[in-house]
Every structure is written in structure tokens, then in C-alpha cells.
Amino acid sequence: LFEDNAIIIWPGEGEVARGKAAIAKVIKAECSGTRKSSLKQISSDSRAIGKNYIINVGMWDDTKPGPDGRPMTVRVRTTELLHRSKGKWRDMVDHASVGLPPPPAKQ
């Protein structure tokens, strides 16, 4: 899925990696454990930016246990740069972030 020199920047502390070996470590750590994936794709907007390049902006909802143990859903925003080489599309850059919570309501 990734170019040899790809970069990922994900929301968690330490979830930044360059190159396939480092990316594999981050993905393995993210996918290990007992929590099942609960990502739900909300949107995807892809645009060609050159003959062999596409940029995609997406939104995902991820539901996981919150600090109190109850399920909470966060919106994950993604931006990916894909490159086509040798007939296959692969990620060059995969950046995901979670927005800050809204400020508390004024009383």
C-alpha cells in the first residue's frame, strides 16, 4: 500500500514513520490488542494533481472507549497523496488528525 519512501503522520503520539519498515511497526502496534476497528468512512474527495498523482481528503468516525470507559466517537480527518508507479497506486503521504474538542459552552 505504501511507496518505499512513504511518510505517515497519524494522530497518536509516536505515530510518525518514514519508509516501509517503520510504517509497518506503527501499523502493527495500532492493529494489535483486543480493540476491534470501528472506523466508519464519512466522506472521500479525490482530485488528480498530475498524471500519476492523486490527493484525497477524507473524514472517518472512530468509536473507542473514552476516559470513563464509555464509547466515544471522534472525527478523524485524513489527507493522502497517492502515486501511480508500475501500474499500481500507493500512498506517498498518509496524514491523519483529530480536531480539538469544542470550547465549553458559555454559561
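Is I49 buried or exposed? I49 is exposed, with a relative accessible area of 52%, where exposed means over 50% relative accessible area, buried under 20%, and partly exposed in between (1.4 Å probe, protein chains only). We will come back to this residue after a walk through the rest of the chain.

First, some ground rules. This is a predicted model, in which local features need pLDDT of at least 70 and side-chain atom pairs count only at pLDDT 80 or more, while totals for chains, interfaces and linings use all residues. Residues are numbered from 1 along each chain as its sequence is written, and side-chain values use heavy atoms, with hydrogens and water left out.

Let us start with the overall layout. The protein has 1 helix and 6 strands, and from the N terminus on these elements run β-β-α-β-β-β-β. Helices (H or I, at least four residues) and strands (E, at least two) are DSSP runs, numbered from the N terminus. Along the principal axes, the C-alpha atoms fill a box of roughly 55 × 30 × 20 Å. Of the 107 residues, 24% count as buried. The accessible surface comes to about 8100 Å², and 57% of this belongs to carbon and sulfur atoms; such areas come from the Shrake-Rupley method with a 1.4 Å probe, and for residues only the protein chains shown count as cover.

Now follow the strands, which are said to pair if DSSP finds at least two bridges between them. β1 and β2 form a hairpin with 6 residues between them, and G14 in the turn has a positive phi of about 85°. These two strands run antiparallel and are joined by 3 bridges, with I8 standing opposite A17 in β2. β1 also runs parallel to β6, through 4 bridges, and here the partner of I8 is D94. Further along, β3 (residues 39-50) and β4 (residues 53-65) pair in the antiparallel sense over 10 bridges. A hairpin of 2 residues links β3 to β4, and the bridge partner of Q41 in β4 is W60.

Next, look inside. The largest nonpolar core has 10 residues: F2, A6, I8, W10, A17, I23, V26, V74, V76 and A96. β1 (2-9), α1 (20-31) and β5 (71-85) each supply at least two residues of this core, and the largest share, 3 residues, comes from β1. A nonpolar core here is a set of buried Ala, Val, Leu, Ile, Met, Phe, Trp, Tyr and Cys residues joined through side-chain atoms within 4.5 Å. In soluble globular proteins, nonpolar side chains tend to be buried together.

Not counting residues up to four places away in sequence, I49 touches I54, I55 and L81.

One last stop is K86, in the loop between β5 and β6 (88-98). K86 is a residue other than glycine, yet its phi is positive, near 55°. Most residues other than glycine have a negative phi. At 84% relative accessibility, K86 counts as exposed.

Conventions. Contact = heavy atoms within 4.5 Å.
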